[in-house]
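My notes follow the order in which I checked them.

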Amino acid sequence: MSSVASVHSLWTVAAGAPGKIPGPHIEYAQLSPTLIVLGAAVIGVLIEAFVPRAARYYSQLLLSLVALAAAFAAVIGLAAAGFGSSKAHIAAMGAIAVDGPALFLQGTILLVSLIAVFTFAERRLDPAAHGKRVDSFAAEPAAVPGGAAEQAAVKAGFTTTEVFPILLFAVGGMLVFPAANDLLTLFVALEVFSLPLYILCALARRQRLLSQEAAVKYFLLGAFSSAFLLFGVALLYGYAGTVTYAGIAEVVSDGAKQVDPALAGTMGNDALLLIGGALVLMGLLFKVGAVPFHMWTPDVYQGAPTPVTGFMAAATKVAAFGALLRLLYVVLPGLRWDWRPVLWGVAILTMLGGAVVAITQTDIKRLLAYSSIAHAGFILAGVIATSEDGVSSVLFYLGAYSFVTLGAFAVVTLVRDAGGEATQLSKWAGLGRRSPLVAAVFAVFLLAFAGIPLTSGFAGKFAVFKAAAQSGAGWLVVVGVISSAIAAFFYIRVIVLMFFNEPKADGPTVAVPSPLTTTAIAIGVTATLVLGLAPQYFLDLAGQAGVFVR
């Protein structure tokens, strides 16, 4: 009874002194890119509930494109208003940073997502089923693969338009992830974009079981990595008595100033700091696909619907590297001598592991998966530079890499046989004679991955290796160049296979896409060549955006 009275007295005290509970102060205009995308995702869910099935596809496609374009315009507006430089600050009561790196990465994610929507909406690659056009996604995802319910859904011409709001929820989480300014916001953003990706991976129209297996693997390993990250957050809180980035950085550099009595026994304990920092780092390295946390990548890339693979390979890397940069440069700069040697080892293993294992692959999607692992290693070389040039080179590389990746996976969706996409490398023999234009476009993307001059890949690699060399990581650059040479072998092998081998009589055909996929591929090629031939403007843009607000 006394406890009830005491609780009641607390209520009356709180009600009698409203000044004691300050209302939250949220800068809605500065959070507008994220709010627009998440608002559109909620409207997309309502469209699924209330709009007739026949009108959902066009409603969802229009809503997604308008929302992503509006969010990108909001990012440009914030950058033009100086929030990327002079007005950079911490918004939403310390939860979100509005600064150069955040706006640059958000802009990149939104552009990538806009192009990804085109590939999601493609409906001309497969032959029409029962008079209805079909896309890459299962007609009835909840049905047993091959069961009566799925057959009925295919016969009725159902399409899974839920993929558009699910994509928007993932994008919303990705926008918050690199801008998060405290560890709890980081974790919430991680879950908001991871859960939609687990679902999207399971929705392939063809090879349903492989797709579901990929989603389960991704979900289980992702759950482990999230658990490691959350445990690391708890240990860092025990060490610093706060989850804000600035608060932890202050305790790391100056020691505990104001000791919270509840945490007096643990604050300033270096074991908690080192273990907690390592666990959070582990969770982020899983997301970027760095060795030894890369085992999910080839299976998930192979099993997921190819439009989802392209989106995930491009956008997730951008978001995860943004969060990794902010963690290392804002929270743990005082631990540089501890984390740099660890990242040296991870970067070397990732570059060499991705390049060497890619040589043995016989499936084009698995080959691109190991290629993405090698690229994660190259980007880590820029992260290790711990300089403004390091940050700007990583930002540029992420932008360049994401367009090449999206374009490459969009081309993969075009090469088809009776079973759907023909991803076996042997089937690509002689593709240059069957369809010279598609093979030439794919060759441009492969040359960019290899880092051949006059492509965006060369400009990106040159920038990160230069930043790493200037910071004293010369040997890392040597390993990077060797890995690039190994990687060039398997990219050029695919080009030789397409142009210099005889096509097989029963080889695949190249589907004629709608303007949606054509636009996605054209943007990818244009970005690859423009960033390769005239990179300076974009390097300067990344340089201006390379300073974190603390």
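Predicted model: local features only at pLDDT ≥ 70, side-chain atom pairs only at ≥ 80, totals over all residues.

I then listed the buried residues of α20, which are T517, A520, I521, G524, V525, A527, T528, L531 and G532. They cover an arc of only 160° around the axis, so they sit on the same side of α20. As a reminder to myself, an α-helix has 3.6 residues a turn, so residues three or four places apart point the same way.

Next I asked what the buried residues of α20 pack against. I found α4 (100-120), α15 (388-412), α17 (436-450), α18 (456-470) and α21 (536-544).

I also checked the length of α20, residues 515-533. At 1.5 Å a residue, its 19 residues should span 27 Å, and the end C-alpha atoms are 26 Å apart, which agrees.

I turned to helix α11, residues 296-303. Six of its eight residues are buried, so α11 is largely enclosed by the rest of the structure. I noted the buried ones as W296, T297, P298, V300, Y301 and G303. They pack against α7 (183-201), α8 (208-240), α10 (270-288), α12 (306-331), α14 (364-384) and also α15.

Last, I looked at the strands. Three of them form an open sheet in the order β4-β3-β5, with antiparallel pairing. The edge strands are β4 (420-421) and β5 (509-510), each pairing on one side only. I found two bridges joining β3 (residues 415-417) to β5. For R416, the bridge partner in β5 is T509.

Methods: Residues numbered from 1 in each chain as written. Heavy atoms only, no water. Helix = DSSP H or I, 4+ residues; strand = E, 2+ residues; numbered from the N terminus. Expected span 1.5 Å × (residues − 1). Buried < 20%, exposed > 50% of the residue type's maximum accessible area, 1.4 Å probe, protein only. Arc of directions from axis to C-beta. Contact = heavy atoms within 4.5 Å. Pairing = 2+ DSSP bridges.
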